[in-house]
Amino acid sequence: MRRIGVFVCSCGLNIAGRVDVQKVTDAAAGIPGVVHSENYKYMCSEPGQNLIADAIRQKRLDGLVVAACSPAMHELTFRSAAKLAGLNPYMVQMANIREHCSWVHRDEEQATAKATDIVRAAVEKVRRDQPLEPTRIPLTKKALVIGGGIAGMQSALDIADAGYDVVLVEKDATIGGRMAQLSETFPTLDCASCILTPKMAEVARHPRIQLAMCSRVTQVAGYVGNFTVQITQAPTYVDWEKCIGCMDCQERCPSRLPSEFDRGLGKRKAIGVDFPQAVPNRPVIKADHCLYLQKGRCGICEKICPVEAVDFQQQEKVWEEEVGAIIVATGFDVLGAEAFAEYGYGQYPDVIDSLAYERLNSSSGPTEGVIRRPSDGEIPKEVVFIQCAGSRDPDKGKAYCSKICCMYTAKHATLYRHKVPDGQAYIFYMDIRAGGKGYEEFVQRAVEQDGALYLRGRVSRVYEEDGKIVVKGVDTLAGENIEIAADLVVLASAVTPRTGARELAQVLKVPADQDGFYNEAHPKLRPVETVTAGVYLAGAVAGPRDIPEAVANASGAAAKVAVLFSNDELENEPLIAAVDESKCSGCLWCVPVCPFDAIEEKELIERVGSKEVTRPVATVNAGLCQGCGACSVACRDGAMNLKGFTNEQILAEVEALCLMTGSPE
Amino acid sequence: MTARESARCLGISLEELEDWQCCGAVFPLATDAIINLASPFRTLASAHQAGADLVTLCSGCLNVLRRTNKLVAADAEIRKKLEDFVEMKYAGERKVFHLLEVLRDETGFDQLQKKVVHPLDDVTVAPYYGCLLLRPAEDMAFDHPDKPVIMGEFLRALGAKPVSYPFQTECCGSYLSVSSVDSTRQAASAVLKSAQAAGAQWLVTSCPTCLYNLELAAESLDEPPRLVYFTQLLAHALGVDAYLEENGALAKNVMPEVN
Amino acid sequence: MSLKNMENQLIAEVKELLESGKVRGFVGFGRGYGMAESVPVFITDALDAEKLVLDPFCGMTIAKYVLERTPQAVGQTRRPLGILAKGCDGLALARLMRDRRLQPDDVYVVGFNCRGMVDAKKVRARLGLKVSGARLEGDQVHFETAEGPVTLSKDECLLDKCLACENPLPEDCQVLLGDDQDTGPVGHRDYAGVANLEALSPDERYRFWTRQFERCLRCFACRNVCSACNCITCSLEDREVEWLGKDTQLSEQFMFHFTRAYHVAGRCVGCGECERVCPVEIPLMLLNEKLMRDIRDLFGVCDPHVPRETEPLGEFNPEDPEGWREEDERA
Amino acid sequence: MSHDWQPRIVAFACRWCTYAGADLAGTRRMDYPASIRLIRVPCSGRVNPSFVVRAFQRGADGVLVAGCHPGDCHYIEGNLFTRRRYSLVKRLLEYLGMEPERFRVEWISAAEGARFAQVVKEMTEDISQLGPNAKMREQL
C-alpha cells in the first residue's frame, strides 16, 4: 500500500488568507494511503523543506503531495528536496492551491472546498506515479547567437571565452546593431563607437566566433543540445575572402540611395558599407539600386576592383549548423510613421524620430555631427522633443513604457545645448523615468546646466505654418495651453520588437506576448531563459532595455549556455511516451502524429507456445520524444502511455475532481 | 430637404422618421449615465420599427447614435434597462450611416460625378470634419482619424478642388459655445485661419454645431472662407436647389456666389 | 454477366486455386436456410468448391474472416487465404492492410462488380420466410417465394449500405469475375438519418440515444465484425485502466458507444455490418455516418470511407476550421 | 436553480499556455467563480476524448479543453491535432444529446489571464442556467 505524505503550505497569507489550511490538512489525512499530513507557513523555505525531508525518512514515504503554488514555481524545488531525502523526484506532485485557488476566489468556504479537491486529485495522481530516471542524450557544445548588436556580441564573446564555438548570425552586413547608430550614450556621454568598435573588433578576431553576415535563421529542428539550424545568407555580390577593404568601389559607384542606417537622412552608395567603422569592413551591393544588377549597365566596381572581388552572379547560400544552444538577441525597432499622423511624422521633413536625431548627432552621420534641419539644412534654434510618442498609449500606440526614451531625450537636449549654445530645447513629458545609476543626476544636469525646458503635458497636434513647425501642447503644471513655433521636432518613438521577430519566434517555437516581445521562462526568476529548453534571450528581444541591461542579459544568457555545456551529456526529462508491447497491435497510427518523429517500427520476436513468432510493434526513441502525448490519444488499444501523465493518472484525477459531493436533485 | 431631394435624384429614398426627437447630442462620458442613452435608443428603436437603417446628416448625431448602437448590441444589462424604460425592443440590429457614407458606398462617388449638373468649376473648398465624425476611431470607423479623405473625394466628385490643411480635424469648440463663447470663437477662428492660409474660398462642414460656431467666429475675421453645408453643395451640384426654389420650397438660394 | 454465370466462374476458379495449392483455403458464401441470406463458408478441399454460391443474398462483408489470430511464425511464410470480395469487402481488406494487420500477400482476392445485395430483414418483413431465389434487373429485384414470383424495387429490399454504395468494384484483386462495364455507383450516401437526428433538440436526441443504448447487451458483436476495429486487445476490455465500467448502466453504454464511434472515425468503410449483426438492432451507422459527414464537411475529405495512406485524424491542415464554433447554423 | 449550487467544471489545461494563463490570472489576483478544477496535461494533444466522457460520467457539469493558439504550440503540432479531434468530439457529444454550452474548447495563451477568467465566468454562467448535468452521468 502506498505511504503518501501531504504538505499544505500557508505561503504566509497568500494561501492561508483565503483557504482554511488546517481543514485541508485534516481532509488530506483522511484519504486512504495518506500516512502523513502537515501544514507549514512557508513550505518552500529551508525549514519547510527540512520538514519534508524528515517526514520522508521517518515515515518511509514513497509519495509526496505539496499543496502550495504553481508547479511552474516550485516543482523543481520540492523534487530536488525529495531527491536529497532519498525519494525519487518523480514521486512528487504539486497541488496548485494558490494561483488557481486562494488568489482567485474570494469566498473562503468555496476556496477551501476547491483546495481539498485539488489535493485529493494530486494524491490520486501520486498514488499512480512510478519512479523514473532521466534519460541521457548527447550534447553539441556549440552555440548559435541570433543578432549582432551589443547583446549578441557580448554573449558570443562570453561563450567563446568559456571555450565553446559560436556562430553569430546577423541580418545586416555589419555587426554593431542599434548601438552603432548612436552618437553618445547616457549617462556617461562617452561616445558609442569608441566603446563599441573595440568590442566589434574583438568579435571579428575571436578564433571561436564564426560570423554569418547578411544571414537569417530560416529553420530550427531538434531540441536542447541537438538543434539543427538552417541559415540562409543573402548574396553580398562581393567575395569577402578576396576583398581587402580598400573601398575604391564605394568611391567610384555612381548609384546613391537613402541610407537605412542613417534613417534616410543621408545617402550611401549602392556598393559600400553603412558606416566607416563597420566590422567586417567589407562592402555589400544593394541589389535593387545597382545599375548593373537592375539594368545591366555600369559595372565600374567590377572593373576597378584590384582583387576582382566583385561577383554579380553570387547566389543565396543556405547551410545547416548543429548547435546545442541558441541565444536570441535580435534587438529592437522603433514605431513607424503610421502611428503618428497627428504629429505630422512622415509628412513634414523636420519631424524626425529619435534614431534620426542620433544620426544627426553622430560624427560619422550625414551631417558630421552638426544638428541641421533635414528640410533646409539650417541649424535649428528651437527644438521640441516629444516623449512617450506611441508609448504608454493603449489606444493608438503601445501600452507599455519604452523605458529608455526619458534618458536618451535628456541626452539629446544636453548634446543640443553643447552644439547649439543659443538654442532652446523643449521637452513635452508625462513622467520622467530615470531609475538607473547616475540617471536622475544626468536628467537634473540637463535641466540645471543645459537649460532644457521640461513641459509636463502631451502634444495634441504638430503642423507646419510658414516654414515653422508649430507644436500645440499643454503645460499641466502651469495650467496653460502652449504653442511653440519650433524649427525641429524629435519624437521619442516607442520601442518595438525587431521586424521579423514574430516569425522567428514561431521558427524557434518560443512564445511571444501580444506586442511581439519574447516571453521569459519566468518574468522575475528566469529572465534570460525561455520555456523552450536550450533557447535563451539577451537584450531588447524580451522588452525595452538600455545598454547596461542588454549587456547584463547577454552575460547571463552566456552563463546559462556555459552551464548547459559544462556536462558532457544532457539529462532529458523522463516524462516521455512508452509502449506496452503486449497491447500494441503494430498499426503504427501513432507515427504520423509525433511532431518529433520519435516513434519507429520494431520487429518483436516472442514465444507463443512452442513457436517463436514475430509481429511489428511501435517503439519510442527516448532522445527525441518531448512528451507531448499526442501519440497516446492516437493509440486506440491503449498501448501507448505517457510517463508522469498516464491514462490511469488522468482518469484518477478526473474521478477525484468529480467526486460527487452532492448528486443532482 | 435639400438632402432628401438630392438623394431622390440619385435614386435613394430617404424617409423622415416620424415623431423623431433630439439624438441626445452627446454620448455620455460616464459609463453608468444610462438615462442619457434613452433618446438615442428611442431613435434607433423607432427606426427599427419602421424597418429601415438610419441615415443622418450631422456628425454629432452619427457619433451618439453609432456608439449607442454598438453599446446596446454589446451590453445586455444596459439594453435591458433601456428597453424597460423606453418600452421598445431593440438589440442593435440596425446600422447607422452618415449621408456621406451612403453616397460613397451605395451610389459611389463616380456615379455621383456623372449626375452632376452644375459642377462647382474647381472652387477651392476646405473640407472640415471636426472631431465627432472621426473619433473615437474604433467606434466610429468612419475614416482615418487623422488623415480623412471622404470629403475630399466628395468635393472632387462635385467638381470642386479640395484643399487639405492641418486644422481640418481640429475641434470647433462644439457646445462650449453655450458656456464660454470666446473659447469656441478662439477654436473656430483657428480653424478658419488655417483654412484661409491654405487658400480655401469655401469651407464645407457636415455638422450644424460646427457651422454655428464657425459662423460665430467668421464675424470677427476679415473675409474668411464662405461657410456652406455639404448638402447645399450636393443640391446645387445636382441642380436640385433650383427646382426647389421654383416651387417655393427653398426660402432663398443659400449658395454663395463664387468670388 | 449475371450472378449465376459468375458463380460458375467462381467455382472453377476456386477449384483450380485449391488444387494447385496456391491458397490454403477460400472464404466465400454457401447456401443459406431459405431466409434470403447466404452464409459465409470456409473451403479447404477442392471438392467442396461446389458448395460456393453467388446470389443476391451474399450481403455480409466477410473480409475480416481472413484476419489471422496468431502472429506469423518466424521464418515460415503462410500461403494466402482466398476470399470472394464485393466492393465493401475490398474496402474492408484495404482497411485491414492500412492498419498493418494484413499484408497484401496474405490474401488472394477474387473480386466482382457487385450491383447491390438483398437485405434479409427487409425481405423477411415483406415476403415472410420462404424465399428461394432472387434476380436483380435494372432497379428491380425479382423473388421466387413459396407463393410464386414477387418483384420489389431495389429501394425496398436492398441493404442500406448498397443503397449508399459508390465503390461496387474491389480494387487490386487478383481475379475479377465477369466483365461488367457498368461499374458506376449503385447508390449515394445522403446522410438523411443524420440530418433528421440533428434537427431534434439536445434533450430529444438524448432520449433517442438513451432508448437505443438501454438495449445494448455489451456483447461486442459490433466490434468483432468491424474491419476498422482490428486491435489485438480492445482498450475497452482493459482491466487495468478501467476505460469502461463492467456494469451495463446507461452512462457506461454512452461511454462504450462514444468511444467505439470515435475509434472508427475516419476509418469506418461504411459496410454496415455493425448495424446488421447487432442483436438488439441499435442504429450504429447513424453514429458512423455522423462522423463521416463531419469529416467530409470539416476537413474536405470527399469520401471518408475509402482507406488511404493517411488518416483524417492522423494529419492536419494549417487552415483547419474550429468545428466547435457555432458558425454553421444547423437545423 | 438554488443559489448555493455551483456547477463543477473540469478543465484539461496545457501546461505551457493555458495552465500558465491561469497562473497569470492568479498573480493578477483576478476573481472568477470557484467552479473550475484544472488538470495539468503536457499538451492539449494529450487529452483523450474518453477523459472528457469520463468527466461527464463521474459528475462534471461542464468540461473545458484548453491549449495554446495554433502556431504557438510548444510541441509545434499538438494543438493542430487537437483542433481536428475536438471538432469531431464536440459535434459527436452534441449529437448524442449533450447541451453545447457544457463542453468548450478554447485557445488561451500564457499571456491571456483575463481570457481564462472570462471563459470560466462564461461557462459558469451558461451552465448555471442549464443546471446540474444528468446526461451520461453515473447513477450511484
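Q: Which residue is the bridge partner of A:I231 in strand 15 of chain A?
A: In this predicted model, strand 10 (residues 226-233) of chain A is joined to strand 15 of chain A by 7 bridges, and the two run antiparallel. Within strand 15 of chain A, the partner of A:I231 is A:W319.

Q: Which strands of chain A stand at the edges of the open sheet?
A: The open sheet has 3 strands in the order 9-10-15, with antiparallel pairing. An edge strand has a single partner strand, so one side of it is left without a neighbour in the sheet; this applies to strand 9 (215-223) and strand 15 (317-323) of chain A.

Q: Are helix 7 and helix 9 of chain C roughly parallel or roughly perpendicular?
A: Helix 7 (residues 202-214) and helix 9 (residues 250-263) of chain C have axes 10 Å apart and pack at an angle of about 95 degrees. Angles of 65 to 115 degrees count as roughly perpendicular. Therefore helix 7 of chain C is, relative to helix 9 of chain C, roughly perpendicular.

Q: Which residues of helix 9 of chain C meet helix 7 of chain C?
A: By class, this contact has 3 nonpolar, 3 polar and 1 charged residues. Helix 7 of chain C contributes C:T210, C:F213 and C:E214, which meet, in helix 9 of chain C, C:L250, C:Q253, C:F254 and C:H257.

Q: Which element gives the largest share of the side of chain D that touches chain A?
A: The contact takes 45 residues from chain D and 46 residues from chain A. By class, the side of chain D has 24 nonpolar, 9 polar and 12 charged residues. The largest share of that side, 6 residues, comes from helix 1 of chain D.

Note on methods
Residues numbered from 1 in each chain as written. Chains lettered and ligands numbered in written order. Predicted model: local features only at pLDDT ≥ 70, side-chain atom pairs only at ≥ 80, totals over all residues. Axes fitted to C-alpha atoms, helices over the stretch in contact; angles between N-to-C directions. Helix = DSSP H or I, 4+ residues; strand = E, 2+ residues; numbered from the N terminus. Parallel < 35°, antiparallel > 145°, perpendicular 65-115°, else oblique. Contact = placed C-beta atoms within 7 Å. Nonpolar A, V, L, I, M, F, W, Y, C, P; charged D, E, K, R; others polar. Pairing = 2+ DSSP bridges.
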